[in-house]
Amino acid sequence: MTRKIAVADLRVGMYVQDLNCGWMDHPFLRKEIELTREDQIARIRDAGIREVYIDPARGLDGPGQDAIDAEREIEREMIAFAEAEQPQPRQTSFREEAETAKKIQGEANRLIRDLMQDVRLGRQIDSERIEPVVENITQSILRNGGALLSLCRIKNKDDYTFQHSVSVCGLQTAFCRALQMGHEDIHEAGIGGLLHDIGKTRVADEILNKPGRLTEEEFAQIKCHVVESRRILEQTPGISATAVLVAAQHHERHDGTGYPLGLKGEEISQMGQMAAIVDVYDAITSDRCYHKGLEPNEAMRKIFEWGKFHFNPVLVHAFTRCIGIYPTGSLVRLESDRLAVVIGQCEGNLLQPLVRVIHCARRNRPLPPQELDLSRPGAGGDRILRYEKPEAWGIDIALLLA
Ligand SMILES: [Fe+2]
């Protein structure tokens, strides 16, 4: 049984089983560390990590809460939050939007690839090319966010930076919508999301894609991408201050442990605070050369957990409202003993999303796909019992959503 303890309570002799922090935000290669020296604890503290999971069976024990208790507490909090929501209608169905969303995603991937190439060659970014693409993304999210966001989950390792940029654009747009922002703010936030990592063009590919542990110097170089993104966008005619904020502040953290400026709380703009949540959510749900991505529901639980320190908790709640308690792409077991993939959210009714039934759990046999809106009477009162791990059933979610 692992235990969750505060970093302040870490001692030499303990075995850290999980650093409990987004992989993008710390210089450690592995999540597990046997603490044999004080400087290891200092490095964990300096990386801005506040709570970790230790394994008392492999090292010293300490004060804290058992991991299962901690997880249940987070889940209870999330469910209580979801039950207090009010339902709102969707504009189009997932199926109607899926084809359009695929085209929009392809177009956005090609655009960000071209723009990054332009920056590498020292050319000016053409902001007029960005406008229509981001507008298409905004409109797709407004019609039915689930369609584009589920496609954005599927990434191939070589094109990670482009696909992550498009995902952050879609997620930031959906987040703005959940906060009921006006169309112009949504659009500008989307542009900021698409271009937030443009400064990575100034970091060597060998460092960006290094599978091993980064040296302090390499980690410092990666951090520079934020300052570079800001500089590039400020020098681009037609890019708004809102878009610049998304790029400039997406690595700042609510408790002041982020970079480049170490801003705290309200010193970070709302757009910057939102971008931080979105960027981490997409990063930890993606497969990279050095880690396997978390399932969306596990990632949401992490975001909820980190909301106490790294993010603004009010914004974490708002983000949950657009991503859902059972995010799009999660595999769930229904009361009818069937497995289903979540393909869309019913806003304001986070416990009853739209699902595609695919498998009979009792007979362990595939079923002809059938869409079911759990919030409607047509679902026959079926409801979600729990999450299931796709690999335990040999199910490839990416294939099902493609
Ligand atoms: Fe970044």
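**Charged pairs, domains and the iron site**

Asp66 has a relative accessibility of 28%, so this residue counts as partly exposed. Please bear in mind throughout that the model is a predicted one. The side chain of Asp66 forms a salt bridge with that of Arg3, at 2.8 Å from N to O. Since Asp66 belongs to strand S5 and Arg3 to strand S1, the pair ties together parts that are 63 residues apart in sequence.

Arg3 also has a salt bridge with Asp61, where the closest N and O atoms are 2.9 Å apart. Asp61 sits in the loop between strands S4 and S5, so its pairing with Arg3 in strand S1 joins parts 58 residues apart in sequence. Arg3 itself is buried, at 18% relative accessibility, whereas Asp61 is partly exposed, at 45%.

Another such pair is Arg333 with Glu388, whose closest N and O atoms are 2.9 Å apart. Arg333 lies in strand S6 and Glu388 in the loop between strand S10 and helix H13, so parts 55 residues apart in sequence are tied together. Arg333 is buried at 14% relative accessibility, and Glu388 is buried with a relative accessible area of 14%. The count of salt bridges comes to 29.

Let me turn to the domains. The assignment gives domain 1 as residues 3-63, domain 2 as 94-323 and domain 3 as 331-401. The contact between domain 1 and domain 2 takes 16 residues from domain 1 and 25 residues from domain 2. These two domains bury about 1800 Å² between them, with 55% of it on carbon and sulfur atoms. Five salt bridges are found across their interface.

Glu51 and Lys308 form a salt bridge, with 3.3 Å between the closest N and O atoms. Both residues belong to a salt-bridge network that also includes Lys4, Asp18, Lys302 and Glu305. Lys302 and Glu305 are among the buried residues of helix H11. In that helix, 10 of the 11 residues are buried, so H11 is largely enclosed by the rest of the structure.

Finally, which residues coordinate the iron ion? They are Asp197, through OD, and His225, His250 and His251, each through NE2, at 2.2 to 2.4 Å. The angles among the four donor atoms run from 80 to 167°, and the site is irregular. His250 is buried, with a relative accessible area of 0%, and His251 is buried at 4%.

Note on methods:
Residues numbered from 1 in each chain as written. Predicted model: local features only at pLDDT ≥ 70, side-chain atom pairs only at ≥ 80, totals over all residues. Heavy atoms only, no water. Donors = N, O, S within 2.8 Å, 3.2 Å for Na, K, Ca; no water. Tetrahedral: all angles 85-135°; square planar, octahedral: opposite > 155°, others 65-115°. Buried < 20%, exposed > 50% of the residue type's maximum accessible area, 1.4 Å probe, protein only. Helix = DSSP H or I, 4+ residues; strand = E, 2+ residues; numbered from the N terminus. Domains from an automatic or database assignment. Contact = heavy atoms within 4.5 Å. Buried area = accessible area lost by both parts, 1.4 Å probe. Salt bridge = Lys/Arg side-chain N within 4 Å of Asp/Glu carboxyl O.
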